[in-house]
Amino acid sequence: MNTDPIADYLTRIRNACRISHPFVEVPASKLKVEMTKLLQREGYIRSYELREDKEKKFQMLRINLKYDDQGYPVIRKLQRYSRPGRRRYSGKNVTRVLDGAGVAVVSTNKGLLTDREARKQQVGGEVLCFVE
């Protein structure tokens, strides 16, 4: 049983990038789909699709990873920040990642936002992870 599905999601993406897989499949949830949309919007992944697993009757999220011209993954680092044992929240002034070169994923009352969007809308929330 997985107690932290977001950490599992990030680890699967991180491991697939390390061995240059073209895609990775993870069990789908609303939060994972929203995080994937955010990663695509920010240019860290190519695309994604939801697939129905006929045998087990649940959805899988297939994420097509993005690599640069030399074959290096666009996602250099994925780090879980807030976790079940230690929730971390930020006010209206969400910290910047790599002085704006990276992205912090923030769960707010307006949905999942990047740190830039959260600062622009002046909302705070739980900082889920950092992407570099």
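This is a predicted model: local features need pLDDT of at least 70, side-chain atom pairs count only at pLDDT 80 or more; totals for chains, interfaces and linings use all residues.
A residue counts as buried when its relative accessible area is under 20%. Thr108 comes in at 12%, so it is buried.

**Thr108, in strand β6**
- You'll find Thr108 in strand β6, which covers residues 103–108.
- Its side chain gets to within 3.0 Å of the backbone nitrogen of Lys110.
- A polar atom of that Thr108 side chain also sits 2.7 Å from the backbone oxygen of Gly111.
- If you skip the neighbours within four places in sequence, Thr108 touches Leu113, Val123 and Gly124.

**Asn109, in the loop**
- Asn109 belongs to the loop between β6 and β7.
- Is Asn109 buried or exposed? With a relative accessible area of 72%, Asn109 is exposed, because the cut-off for that label is over 50%.
- Asn109 and Lys77 are 32 residues apart along the chain, and their C-alpha atoms are 26 Å apart.

**Thr114, in strand β7**
- Strand β7 takes in residues 111–114, and Thr114 is part of it.
- Thr114 has 0% relative accessibility, so it counts as buried.
- Which residues does Thr114 contact, leaving aside its neighbours within four places in sequence? They are Leu38, Arg41, Glu42, Val103 and Ala104.

**Putting it together**
- Over in strand β7, Thr114 is buried at 0%.

Definitions and conventions: Residues are numbered from 1 along each chain as its sequence is written. Side-chain values use heavy atoms; hydrogens and water are left out. Helices (H or I, at least four residues) and strands (E, at least two) are DSSP runs, numbered from the N terminus. Buried means under 20% relative accessible area, exposed over 50%, partly exposed in between (1.4 Å probe, protein chains only). Contact means heavy atoms within 4.5 Å. A polar contact is a pair of N or O atoms within 3.5 Å; within protein, one must be able to donate a hydrogen and the other to accept it, and residues adjacent in sequence count only if both atoms are side-chain atoms.
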